[in-house]
Amino acid sequence: MEKKLVYTGKTKDVFALDNGNYLLKFKDDCTGKDGVFDPGENSVGLTIDGVGDVNLRMSIYFFEKLNAEGIKTHYVNANLEDTTMEVLPAKVFGKGLEVICRHKAVGSFYRRYSDYIEEGADLPAYVEMTFKNDEKGDPLVTKDGLVDLGVMTAQQYDDMKEMTQKITKVVADDLLEKGLVLYDIKFEFGYDANGEVILIDEIASGNMRVYKDGQYIDPMTLSKLFFA
């Protein structure tokens, strides 16, 4: 099948296929700073051999599970040999939006709100959204902001929040079975030709913060523990 490069991303390249779908090529680059991995950073900070492969494996696992549960995603199929995933076409909201679901007060959430909460305190599947904009440090945006700026409808926001919490529960429950605790996770959503919200991008260890026995687990170790 013919493919044409349409976008070079930090952790994936995107190709257009002649059947109307797209192909994501997973890379070994990770977001971080000064050689230290951080899912919240907005630039590539390091390269880890094999991370593209394990990110794809975890994405396949969760996308297939979500599709089976009736949660809409862009996943069609994948090829582990060339680290690619075929996906349905979807438009991103605005110029790109990241959706974070938090079970614990850590990272940027704690840095912002430390006057009001202790580090590591429980959160009730707290959802927040940020615009993807490296220069502006991925600014937070509220529901009213998204609606008033014409980025999405109020219904799309409500659907996205509900889907985020459902998907996070699926991921967290699976991790918990392996003695792993999900602190927070980052998603991306888009919408299809009918305006319906669908999960896009990936669900991988590089997009989540996970602890075991109170200790942070890095993405590669997490992937190994997950598939052990």
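## A residue in a helix and its surroundings

Alanine 172 lies in helix H4. The model is a predicted one. Alanine 172 has a relative accessibility of 13%, and residues under 20% count as buried, so alanine 172 is classed as buried. Leaving out residues up to four places away in sequence, alanine 172 touches His103 and Leu182. Aspartate 122 is 50 residues from alanine 172 along the chain, and the C-alpha atoms of the two are separated by 14 Å.

Helix H4 covers residues 154-177, 24 residues in total. From its first C-alpha to its last, H4 reaches 35 Å, close to the 34 Å expected at 1.5 Å a residue. Buried residues of H4 include Tyr157, Met160, Met163, Ile167, Val170, Val171 and Leu175. Just after H4, glycine 179 adopts a positive phi of about 75 degrees.

With neighbours within four places in sequence set aside, serine 223 is in contact with Val54, Met58 and Ser205.

The two residues are set out below.

| Residue | Helix | Relative accessible area | Contacts beyond four places in sequence |
|---|---|---|---|
| Alanine 172 | H4 | 13% | His103, Leu182 |

## The whole chain

The secondary structure of the protein consists of five helices and 16 strands. The radius of gyration is 17 Å, close to the 17 Å that the globule rule gives for 228 residues, so the protein is as compact as a globular protein of that length. Along the principal axes, the C-alpha atoms fill a box of roughly 55 × 45 × 35 Å.

Of the 228 residues, 47% are buried. The protein exposes about 11700 Å², and carbon and sulfur atoms supply 48% of that area. Among contacts between residues at least 6 apart in sequence, 54% join residues at least 24 apart.

What are the numbers of positive and negative charges, and how far apart are their mean positions? The protein has 27 positive and 40 negative charges, and their mean positions are 1 Å apart.

How values were computed: Residues numbered from 1 in each chain as written. Predicted model: local features only at pLDDT ≥ 70, side-chain atom pairs only at ≥ 80, totals over all residues. Heavy atoms only, no water. Helix = DSSP H or I, 4+ residues; strand = E, 2+ residues; numbered from the N terminus. Rg over C-alpha atoms; globule rule 2.2 N^0.38 Å. Buried < 20%, exposed > 50% of the residue type's maximum accessible area, 1.4 Å probe, protein only. Contact = heavy atoms within 4.5 Å. Areas by Shrake-Rupley, 256 points an atom, 1.4 Å probe, with all protein chains shown as cover. Lys, Arg positive; Asp, Glu negative; His and termini not counted. Charge placed at Lys NZ, Arg CZ, Asp CG, Glu CD. Expected span 1.5 Å × (residues − 1).
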